[in-house]
Amino acid sequence: MLSTLIFALIPIFVTIGLGYLAARRGIFNDQDSKKFVKLVLTFMLPLHVFGGLWSTSRKILIANVPLMGWLMLSMTGCYLIMILIYRFGLHNSRQLATLRAMSVANPSVPFIGSAVLPLLFSTSNSAITIGICSLTVNIIMLPIAFDALSSDRSPWKRLAATFKKPLVIAAVLGFFLTLYVMRNSDAKSADQHV
């Protein structure tokens, strides 16, 4: 297990090292890095999440409903508990407590998970985990954080803006199509066998 984990982490460290080396040599500047981040967050990561969910069978997705519930509950619960600890236990400001809670309770599942989880678990379970964690962070945790950090937009407008993010669209669409389209194809194949 340890060797599998090390093998999964090596490409991440190599990529970070290459990025650091490229920045030190001036190969990429700040504008280039912003473009790379935009490329990854707008296209590559959402397509990866969607592809993983789309390739998951409906039966596996339904069997993992308890996993989905536990992931959402544990991430959101940890986030809210950490906010209370930082805010009332350590007497941080509301903004600082929110940021610190987010740094503790927000795992980098979409980024690190896509490299590590498929090697440790099946590709289907990894896609489900990544999709649920992405939805939990974007639909529950970030709106709470934005609500605590700013007061310019209403929470409903922020939530509506969340559903326009490519990562959220990809995860929701992947879940919906897997459940709906696979159900219809399963029904058709069952009719053909009868």
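**A helical protein in outline**

The protein contains nine helices and zero strands, where helices (H or I, at least four residues) and strands (E, at least two) are DSSP runs numbered from the N terminus. This is a predicted model, in which local features need pLDDT of at least 70 and side-chain atom pairs count only at pLDDT 80 or more, while totals for chains, interfaces and linings use all residues. Residues are numbered from 1 along each chain as its sequence is written, and side-chain values use heavy atoms, with hydrogens and water left out.

Of the 194 residues in the protein, 30% are buried; buried means under 20% relative accessible area, exposed over 50%, and partly exposed in between (1.4 Å probe, protein chains only).

The loop between helix H1 (2-24) and helix H2 (30-54) holds Phe 28. With a relative accessible area of 36%, Phe 28 is partly exposed.

Helix H4 covers residues 65-89. Its 25 residues, at 1.5 Å a residue, should span 36 Å, and the end C-alpha atoms are 34 Å apart, which agrees; the expected span is 1.5 Å times one less than the number of residues. The buried residues of H4 include Met 68, Leu 71, Tyr 79 and Tyr 86. After H4 comes His 91, which has a positive phi near 55°.

The charged end of Arg 87 sits over the ring of Phe 88, 5.8 Å from its centre; this requires NZ of Lys or CZ of Arg within 6 Å of the ring centre and within 35 degrees of the ring normal.
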